[in-house]
Amino acid sequence: MAQYVKKDDDRDEEAEYSPFSGIEKGAVLQEARVFNDPQLDSRRCSQVITKLLYLLNQGDTFTKVEATEVFFSVTKLFQARDIGLRRMVYLIIKELSPCADEVIIVTSSLMKDMNSKTDVYRANAIRVLCRITDGTLLTQIERYLKQAIVDKNPVVASAALVSGYHLLQTNPEIVKRWSNEVQEAVQSRAALVQFHALALLHQIRQNDRLAVSKLVTSLTKGTVRSPLAQCLLIRYTTQVIRESSMNSQPGDRPFYDYLEGCLRHKSEMVILEAARAITELSGVTSRELTPAITVLQLFLSSSKPVLRFAAVRTLNKVAMTHPMAVTSCNIDMESLISDQNRSIATLAITTLLKTGNESGVDRLMKQITNFMSDIADEFKIVVVDAIRSLCLKFPLKFRTLMNFLSNILREEGGFEYKKAIVDSIVTIIRDIPDAKESGLLHLCEFIEDCEFTYLSTQILHFLGIEGPKTSDPSKFIRYIYNRVILENATVRASAVSTLAKFGATVDSLKPRIFVLLRRCLYDNDDEVRDRATLYLNTIGGDGSVVETDKEVKEFLFGSFDLPLVNLETSLKNYEPSDEPFDVSSVPREVKSQPFAEKKAAAKKPTGLGAPPPAPTSTVDAYEKLLVSIPEFSTFGQLFKSSAPVELTEAETEYAVNVVKHIFDKHVVFQYNCTNTIPEQLLENVTIVVDASEAEEFEEIATKALKSLPYDTPGQTFVAFEKPEGVPSVGKFANVLRFIVKEVDPTSGEAEEDGVEDEYQLEEFEVVAADYMLKVGVSNFRNAWESLGPDFERVDEYGLGPRESLKEAVTAVINLLGMQPCEGTEVVAANSRSHTCLLSGVYIGNVKVLVRLSFGLDSGKEVAMKLAVRSEDEAVSDAIHELVAN
């Protein structure tokens, strides 16, 4: 409709213009009066409808009055015999249908067109009618729609099938009655009809796994002519394979022969779809991959860019899990490095980096060097990530790869690109000890001319951690102090902290560091001056060469494991007094919802209408609530509050969940209750707890809820005493007791007399994970080293048969209740070994770090090595005891 035309009046200053530029809604609505002319001008009417459609698609909104006026004017155009105009009328009715209240009156004209002899009218009338119809009218026209599905004209049949696909969302019961007709349409000779019929039939049966399996079985044996339908069938087949693989024996893969057969199809899209499906099969073997890789290798030399792109992208994904299977394609992919399409070239390079061998790294780097200057930053980032992975794969080649990264770091580029390079160098330094000194020098040279404040501060921070551990730390001082002289205040402050880390860690450098820090006392920025003053006074400003106290190092440079939102809230609530602010009083855990009431939460506005969430601390909210209750005010510092545990099923008369509040000597159960019956008022609501299966717990207090009106959440509490500092566990049975009073629906007043009643709730447990806070660490390696091996405990365990390594990792994380670090909770697909890093704080504020190493053998038996470091020997033993039991 809207063709953009180029004016040739002035060739030096050619400008693109649109025929719709400058049009206004009011003017177009005036033009719409042409629809009422006695002698209709079909061309003029089509132009006005085009403008209306343009306005609607650009986001202009019509009022109900405007939409209704336009709609009534458009209905008069049904008198015209012009086919082109009639098609425009169908389009504008579809667009106006959400706006005009009276749109239903046009249904008689549409039903007339639906039975017209003109096939174009019939197809479009079906589409519009199904768009504007409701359930009542749909039953009246159902017979015509069924006939249209099996119509000989493919345009009409496709229109009916697509309409059925959309109607399935609003009127599923009616559409499901068309299964026989849709089944017949699947056998159609028309390609699009077969495609749409298969899509609709699958949608109808998608919730019945057996029916989908039967559908796939019947069609894979038959002949599906349409390439589009064949692609759909391949996708449904892979879905069935994925679901059936749970129950089948290893090596027994149904429908694989069908997928392999599709690799010999005459349509390229079917071949690609089948190859992609085979490569994505879970637990796919090298033998199963071979035919798919062979086909993709042929496409790499295709003259069509789209085929080359599709093939290299699929091979790139395969290389992540089966690099050896792709090596046979390396020669073909090397020729793609010079491909005119930069996307293809980038994918070829990253695939080669994943599949290449150690001897070919130098040659590959030479090819990439010429290539990097020709691609955009987003592609460069992909290449950099692949180089980082290659360096970790071949550590002996770190010099070649590090030099390449340092060279491209000096070239022009945006922030994300430079950040990706810096992150890669940092990762290589951490994982390859021999690369540390050269890598740090490359970073130092980069910050000499770095335009990004964030990167400069991050590099300085990293330099402060790793620099003092090198053989000659003094060579980095010049680079750091240059930042104090030449940079902005943020970078200067970061440089001061880095200098202080060198001074605190390397005693021989102290005198020189103190001289530099004293110069910083005269900086014009108060943050820089304050940091310099703090470091001089804590490390030892007299310049003597003495070892810095361990406590001072921990205070200045230790890991900060307090959530900032909690610290901010505690500081705001702190009232100045003789007692100084106590950092240990700051809660260590933050949760998302203070009193999780799923029903109440579901009624809150979402999307654009929702108010912005307030940054409140859940732990603070819980602590304030518990301190305000006299029975619990003497329990001391709240250690942890659990996530809510549901004690009732959804849509029951009463919704109850429990939050477990853990103290050193006590546990308080907070029962959040909601009454979902409008005609009832509950009074004197209590929970009767049976702790016979929790021997170490003794009930000491209960706080009842006086009144629980309809849909108003309330809380009742039960407190238990337990041995001090001991992670006691047990199971608790619960019964909700209350007095129920009937409520008059008209007046809203409750009757005076009530009846005692009770409601059985689900059981819940206090487990060992409830005594562990999820507290992450920013650098696990440093935190692990700082705890030291004094209280380290290491042992190996057999976890028995598991479906996958991911299941075993998730089970152990949930058992310990600790925070996964550095993304190690994610297990790669088909992985047979994995390392997971966890951190937390055990009851008594004891820091705990865990390193888990998993292995999976051919019989799906999982073995695990558990290494624990903590500040207390008893806690390390307790973690092992928990896993052993």
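The model is predicted, so local features need pLDDT of at least 70 and side-chain atom pairs count only at pLDDT 80 or more, while totals for chains, interfaces and linings use all residues. Residues are numbered from 1 along each chain as its sequence is written, and side-chain values use heavy atoms, with hydrogens and water left out.

## Overall build

The chain has 37 helices and 19 strands. Helices (H or I, at least four residues) and strands (E, at least two) are DSSP runs, numbered from the N terminus. The C-alpha trace spans about 100 × 90 × 65 Å along its principal axes. Of the 885 residues, 48% count as buried. Buried means under 20% relative accessible area, exposed means over 50%, and partly exposed lies in between (1.4 Å probe, protein chains only).

One stretch carries a record. UniProt, in an unreviewed entry, lists residues 621–766 as "domain: Coatomer gamma subunit appendage Ig-like subdomain". UniProt positions are given in the numbering used here, feature names are shortened, and annotations may be inferred rather than shown by experiment. Over residues 621–766 the chain is 5% helix and 53% strand. The end C-alpha atoms of this stretch are 22 Å apart.

Start with helix α22, residues 377–393. Helix α22 has 17 residues and reaches 24 Å from its first C-alpha to its last. That is close to the 24 Å expected at 1.5 Å a residue. The expected span is 1.5 Å times one less than the number of residues. Which residues of α22 are buried? They are Lys 380, Val 383, Val 384, Ala 386, Ile 387, Leu 390 and Cys 391. Seen down the axis of α22, these buried residues fall within an arc of 165°, so they line one face of the helix. The arc is that of the directions from the helix axis to the C-beta atoms.

Helix α10 covers residues 179–186. Its buried residues are Ser 179, Glu 181, Val 182, Ala 185 and Val 186. They cover an arc of only 160° around the axis, which puts them on the same side of α10. The face turned away from that side carries the exposed residues Asn 180 and Glu 184.

## Aromatic pairs

A search of the whole structure finds 18 aromatic pairs. Rings of Phe, Tyr and Trp (its six-membered ring) pair if their centres lie within 6.5 Å; planes under 30 degrees apart count as stacked, over 60 as edge-to-face and the rest as tilted. Here are two of the pairs.

| Pair | Centre to centre | Angle between planes | Type |
|---|---|---|---|
| Phe 415 and Phe 452 | 5.5 Å | 65° | edge-to-face |
| Tyr 654 and Tyr 759 | 5.3 Å | 85° | edge-to-face |

Phe 415 lies in helix α24 (residues 415–431), and Phe 452 lies in the loop between α25 (436–447) and α26 (453–466), so the pair ties together parts that are 37 residues apart in sequence. Phe 415 is partly exposed, at 28% relative accessible area. Phe 452 is buried, at 17%.

Tyr 654 lies in strand β5 (residues 654–662) and Tyr 759 in strand β12 (residues 755–760), so this pair ties together parts that are 105 residues apart in sequence. Tyr 654 and Tyr 759 are both buried.

Ring pairs also link Phe 669, Tyr 671, Phe 697, Phe 720, Phe 732 and Phe 764 into a cluster.

Rings can also sit under a charge. The charged end of Arg 86 sits over the ring of Tyr 121, 4.5 Å from its centre. Arg 143 lies over the face of Tyr 144, at 4.6 Å from the ring centre. A charge sits over a ring if NZ of Lys or CZ of Arg is within 6 Å of the ring centre and within 35 degrees of the ring normal.

## Cysteines without partners

How many disulfides does the structure hold? It holds zero. A disulfide is a pair of cysteine sulfur atoms within 2.5 Å. For Cys 391, the closest cysteine sulfur is 19 Å away, in Cys 444, too far for a bond. For Cys 444, the closest is 12 Å away, in Cys 450, again too far. Cys 391 is buried, at 0% relative accessible area. Cys 444 is buried too, at 0%.

## Two positive phi angles

Most residues other than glycine have a negative phi. Asp 711 has a positive phi near 55°. Asp 711 is in the loop between β9 (705–708) and β10 (714–721), and it is partly exposed at 28% relative accessibility. Asn 845 has a positive phi of about 55° although it is not a glycine. Asn 845 is in the loop between β17 (833–842) and β18 (846–856), and it is partly exposed at 41%.
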